[in-house]
Amino acid sequence: MNPFRKLAGQTAIYGLPTIAGRLLNYLLVPLYTRAFVPAEYGVVTEVYAYVAFLFVLLTYGMETAFFRFASREEQNSNVFATAMASLGVTSTLFTLAGLIFAPEISAWMGYGNHPEYIRWFILILATDALSTIPYAKLRLDNRPLRFALIKIVNIGANISFNLFFILLCPYLLANYPETGFAGLIGRIYSPETGIGYIFISNLIASLLTFALLLPDMLHKSIKPDPALLKKMLAYSWPLLIFGMAGIVNETFDRVILKHLLPGTATEAMAQLGIYGACYKVSILMTLFIQTYRYAAEPFFFDQARGRHPQDTYARMMHYFLIVCLFIFLSIMLFIDVVMLFVGEAYREGARVVPVLLFANLFLGVFYNLSIWFKLTDKTTYGALISVIGAGITLLLNFLLIPPFGYMGAAWATFACYASMMVISYFLGRKYYPVNYNLAGAAVYTISALSLYGLSLLVQTAGRLIRYGSSAFLLLVFLTFVAYRESKVFRRLIHKA
């Protein structure tokens, strides 16, 4: 099969439930930003930033190590069992320590009255960490239907319980206080829990997912292999550093923001809430990159066994960039409509959106470039690049947030991912050369930015003129791409 058709098919198979699920989860943001004030949503933003950091720590690169070693071994069941045993031990130790010290952790974070937040997220993290290898096995074994079904159940549970606790329960208690049904609701719902129901819903969904994946964890009869584990850890520990540094790049701004902003603690949390909500506005770019990664990582390793895989990687990068630029234009040309996604109190943060969109685009390009150190087993270089990016993130956040607020955090993210992309490109040229189409990338990027610049000229015009001109400019970009790529498209279709 044509490799691009295969990648497109795998992206659709694994991506559709991911896209649909994350889209539906992101659609909870309008609910959150209307049900809770920015200071309350700031708590949610901060807690999830810590969770993202700890999840990388708990999985320590084992998913990528699983892909790498399972694709090498003739019998890969022992790879699965070894990875699961390793994650099982570390997750159990983490859970016990977290539950014991939850009050102290809660006080340290400034949530002394809510140690239950910590307990809930300890359980969420442990179950999600244990679920990563079964999910990876489903992808490696090409079992998309089961993968999609479990994803959909997880998403449906999370959304349903959010709607139940945040919308339905308050409505029933307010409008039918004297009924027996309201009395039943009163036994399981307390208005004082507030944002805690976001965390409870997540926990229920994670536990349900874990239960559905449990048969995949238990039916393997092969025992863990200590010698194999040693090799897998040697491969994955640089990926842990890579992941830890990467999550610093991704979430540190939301961890440190409240500590660097001037004003009261409540005002700082409100600014954090606004920034966190506007970060979510880049949903389409984020969704595409995440979905692409689901399909691309096993695809990268599979293509490496063929002839001239570098040509395939170059074309993948080319079309990846085109799609990302189209997403950038689609969002920015209709930004006033897109900002309706969040509550009115959060829309003042719209100016960070173009900066964060391009930052995420750079991150997506870096993910494509990262194939060179994964295929050559030079994962220490990947760790080094991410550490450099983390250093840039830390330095610029401390320098830019005090004078510029969350806008400084956005530019720090932009600079970090741009630097990582450039460093990875030049190192990749040395160790695993790929002839990327830099001229085409420059032409499309300049074209997209120019069209966005033209749209600003009619920013103060009437709605009809703005929307009409935006649609026209988007059509211009698509026509330009179709014209430049028409010969390639015809050749690919003919080969298929």
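This is a predicted model: local features need pLDDT of at least 70, side-chain atom pairs count only at pLDDT 80 or more; totals for chains, interfaces and linings use all residues.

Visitor: What makes an angle and a distance the right things to quote?

Guide: Those are the terms used because two packed helices are described by the angle between their axes and the distance between the axes. For α4 and α7, the crossing is right-handed.

Visitor: Which residues in α4 and α7 meet each other?

Guide: On the α4 side you have Met-62, Glu-63, Phe-66, Phe-67 and Ala-70, and they meet Thr-132, Ile-133, Ala-136, Lys-137, Arg-139 and Leu-140 in α7. Sorted by class, this contact has seven nonpolar, one polar and three charged residues.

Visitor: Why is the pair of Phe-66 and Phe-67 called tilted?

Guide: Their ring centres are 6.1 Å apart, and a pair needs centres within 6.5 Å. The planes of Phe-66 and Phe-67 stand at 55°, and stacked would be under 30 degrees, edge-to-face over 60.

Visitor: How do you know whether Phe-66 is buried or exposed?

Guide: Buried means under 20% relative accessible area. Phe-66 has 0%, so Phe-66 is buried. Phe-67, at 1%, counts as buried too.

Visitor: What makes the pair of Tyr-50 and Trp-108 edge-to-face?

Guide: There are 37 aromatic pairs in the structure. In this one, Tyr-50 and Trp-108 are 6.1 Å centre to centre with 70° between the planes, and over 60 counts as edge-to-face. The pair links distant parts of the chain, with Tyr-50 in helix α3 and Trp-108 in helix α6 (residues 102-109), 58 residues apart.

Visitor: Why does Trp-108 count as exposed?

Guide: The cut-off for exposed is over 50%. Trp-108 comes in at 64% relative accessibility, so Trp-108 counts as exposed.

Visitor: And why does Val-51 count as buried?

Guide: Val-51, found in helix α3 (residues 38-59), has 14% relative accessibility, which is under 20%, so Val-51 counts as buried. Leaving out residues up to four places away in sequence, Val-51 touches Phe-121 and Leu-125. Val-51 and Phe-121 are 70 residues apart in sequence, yet 7.3 Å apart in space, C-alpha to C-alpha.

Visitor: Which residues touch the most other members of the largest nonpolar core?

Guide: Phe-199 and Leu-329 do, in a core of 154 residues. Helix α14 (residues 309-333) gives this core its largest share, 16 residues.

Definitions and conventions: Residues are numbered from 1 along each chain as its sequence is written. Side-chain values use heavy atoms; hydrogens and water are left out. A crossing is left-handed if the near helix is turned anticlockwise from the far one by less than a right angle, and right-handed if clockwise. Helices (H or I, at least four residues) and strands (E, at least two) are DSSP runs, numbered from the N terminus. Contact means heavy atoms within 4.5 Å. Ala, Val, Leu, Ile, Met, Phe, Trp, Tyr, Cys and Pro count as nonpolar, Asp, Glu, Lys and Arg as charged, and the others, Gly among them, as polar. Buried means under 20% relative accessible area, exposed over 50%, partly exposed in between (1.4 Å probe, protein chains only). A nonpolar core is a set of buried Ala, Val, Leu, Ile, Met, Phe, Trp, Tyr and Cys residues joined through side-chain atoms within 4.5 Å. Rings of Phe, Tyr and Trp (its six-membered ring) pair if their centres lie within 6.5 Å; planes under 30 degrees apart count as stacked, over 60 as edge-to-face and the rest as tilted.
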